[in-house]
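Hi there,

Here is the structure I promised to pass on. My notes on it follow below.

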Amino acid sequence: MNDSLVLDHLPLAVHLGAKWNGIPREDAVQEAAMGLILAARAFEQGNGAKFSTFATTVIRGHLVRAARKYGRLRSDGLCGCGTPSTSV
């Protein structure tokens, strides 16, 4: 894992977690940070994708799973932030 990727993109994780409505804010930010760490572990440089784009997808997926764990994912498929949930 590249520590600098995580540190440099931590504001992205905080931003995504803070605007998530299906989980208490502090928990959402923590879940987003864990998603960022997973993204840094899985990212392969040279595949043509920017890390921030890849990380956003992984973080949102992690937040959807956390919302399901908390039992607060809305039945209409929205996570509470206006973004359709992805199948995980």
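Which residues of α2 are buried? They are Ala28, Glu31, Ala32, Gly35, Leu36, Ala39 and Ala40, where buried means under 20% relative accessible area with a 1.4 Å probe and protein chains only. An α-helix has 3.6 residues a turn, so residues three or four places apart point the same way. The cover over the buried residues of α2 includes α1 (3–18) and α3 (51–70). Helices here are DSSP runs of H or I, at least four residues, numbered from the N terminus.

Before going on, please note that this is a predicted model: local features need pLDDT of at least 70 and side-chain atom pairs pLDDT 80 or more, while totals for chains, interfaces and linings use all residues. Residues are numbered from 1 along each chain as its sequence is written, and side-chain values use heavy atoms, without hydrogens and water.

The length of α2 checks out: its 18 residues (25–42) should span 26 Å at 1.5 Å a residue, and the end C-alpha atoms are 26 Å apart, which agrees. That expected span is 1.5 Å times one less than the number of residues.

Leu36 is also one of the residues with the most contacts inside the largest nonpolar core, which has 20 residues. Such a core is a set of buried Ala, Val, Leu, Ile, Met, Phe, Trp, Tyr and Cys residues joined through side-chain atoms within 4.5 Å. α1, α2 and α3 each supply at least two residues of this core, and the largest share, eight residues, comes from α3.

Beyond four places in sequence, Leu36 has contacts (heavy atoms within 4.5 Å) that include His9, Phe51 and Ile59. His9 lies in α1.

Best wishes

Note on methods. Buried < 20%, exposed > 50% of the residue type's maximum accessible area, 1.4 Å probe, protein only.
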